[in-house]
Amino acid sequence: MTDTTTERTAPGAADPRVGLTLPYEHVEDHFIDGRWTPARGEGRTDVVDPATGGVFGSVPAATDEELDAAVVAARRALPGWSGLTAAQRAEKLLAVADEIEARAEDLARTISRENGSPLSETRGAAANAAGIFRHYASLASWLDTPDVRPFPAGGAESVVERDPIGVCALIAPWNFPINLVVIKLAPALLAGCTVVIKPASVTPLSLRFVVDAVAAAGITDGVVNFLTGPGRFGDALVRHPGVDKVAFTGSTPVGRKIAAACGELLRPVTLELGGKSSAVVLPDADLEAMSRVLVRSCMRNTGQTCYISTRILAPASRYEEVVSMVGETIAAQAQGDPLNEASVFGPVASRAQYDTVMEFIESAREEGARIVTGGQALPGDRLPEHLREGAFIEPTVLADVTPEMRVSREEIFGPVITILSYDDADGSVDEAIELANNTPFGLGGIVFGRDEDRALAVARRIDSGSVGINFFGSNHAAPFGGRHDSGMGVEYGIEGLSAYLSYKSIHRHA
């Protein structure tokens, strides 16, 4: 397959950054005890626009004293906040949702500058975050309704109390910096917990809009605290003696370290980690319909999404047909400036991530994979001058991939799709299921097939926390979590709310 400039590059050479002013760029403060407080330390972290390679912002690195102040503020606010009814807290959540939506455009542009996600992706961040707050607000009656359970033998009953777990450390990733915090923050607040938030060092600015929304909504001082700092600061937050629970989304290696620390401290932890999910293409799959959801399902956010199905398992009887469809669909998407409305793919989020992804592509070449489309850095002559130092990698489709190859086994977290073949000569999909389950991960997955009953039967055999049939999407009302190396615990739904509760049974005579 041959790429063309018109197919792969978003139009327009002008730099939309010229004259663009965002509310937050170089900042000097942290949010502690209900107010933006001038930073005490001298350390700072630069914020780099991955599309240009240039620094456009910076944030302070929190000190140990500031961490202590934030945790003390959260603990001091806990009795008053948890003493409200869930319905009263839900009113505040609804107000936060409105305030986030009022900041939607600046929020979207800030995310796009921080991590290179196209506006076509980031423009949905505020609405999705608001939807999560509103969903959890709708669960207030579940918390406020007394739970009384009779003894099976009669004569007595148990009152089951749902208490907030306490002060929670919320640690964010860089790929979806708003919503992967909000799926922790909203249930924690409804449960009556207080929080200290640490964003990823790559994306420390966009979450300030959520904190602003919290303040504007009238959330009690000290309930939400926000500190920026490098990775080692996250370790200090996890281990702080005033923290009662940790919720983390990020890589599996970092998740293991957090799990080890929490195990040592006997501290509850929720971990949403990496993935290597598979899309099982059944022999009767509608490839035209699959092509319409392919980018969202298998290369969302320039491939930097934990649950996407970057391994496509195609039946041998239709293998080249699947390869052709996937290659043509990906090659037809525009790549370019994430601030360009037409871009579907942007850069990867950082120079370090660029190097990692290019190493994976080179390993695929060396191990014999066939490059269907992409496979290199986006050539400079296909980019306007202001983007030529950016971290752009052509969206890449690899065919003839075998299970032993590195690109088939490890999470790439970049714009790379691999296509493996399975034997369907006797009509069986057993080999496809074996391939889908042969990684240490278990986060997402998809089954594509016209016969939805058969697709459902296949989905039930895939060892993963979530599986879609002919599409993939997260449902705020349904639990989302990983198995094996993909994490511990779940987010979303009542199950996600329960993660921020501590249960007490009070037994009494009936």
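Once neighbours within four places in sequence are set aside, V326 is in contact with L294, I312, V397, I417 and I419; the model in which these contacts are found is a predicted one. V326 also belongs to the largest nonpolar core, a set of 99 residues in which V326, together with F133, L185, L190 and I312, touches the most other members. Helix α8, which spans residues 179-191, supplies the largest share of this core, namely ten residues. Apart from this core lies another one, made up of 30 residues, and A391, L398, V407 and V447 are among them.

From the packed side chains one can turn to the spaces left between atoms, where a search of the whole structure finds three cavities of 30 Å³ or more. The largest cavity has a volume of about 100 Å³, and of the 13 residues that line this cavity, G275, T310, E411, I412 and F413 are the closest to its centre. By class, the lining of the largest cavity divides into five nonpolar, six polar and two charged residues.

The second largest cavity has a volume of about 80 Å³. Its lining is made up of 13 residues, of which K276, S277, A436, G444 and S464 are the closest to the centre of the cavity. Sorted by class, the residues that line the second largest cavity comprise four nonpolar, seven polar and two charged ones.

Note on methods. Residues are numbered from 1 along each chain as its sequence is written. This is a predicted model: local features need pLDDT of at least 70, side-chain atom pairs count only at pLDDT 80 or more; totals for chains, interfaces and linings use all residues. Side-chain values use heavy atoms; hydrogens and water are left out. On a 1 Å grid over the protein atoms alone, a cavity is a set of points where a 1.4 Å probe fits but cannot get out, and a pocket is an open set with protein on both sides within 12 Å along at least five of seven lines; lining residues have an atom within 4 Å of a point. Grid points are joined across faces, edges and corners, and a volume is the space filled by probe spheres set on the points. Ala, Val, Leu, Ile, Met, Phe, Trp, Tyr, Cys and Pro count as nonpolar, Asp, Glu, Lys and Arg as charged, and the others, Gly among them, as polar. A nonpolar core is a set of buried Ala, Val, Leu, Ile, Met, Phe, Trp, Tyr and Cys residues joined through side-chain atoms within 4.5 Å. Buried means under 20% relative accessible area, exposed over 50%, partly exposed in between (1.4 Å probe, protein chains only). Helices (H or I, at least four residues) and strands (E, at least two) are DSSP runs, numbered from the N terminus. Contact means heavy atoms within 4.5 Å.
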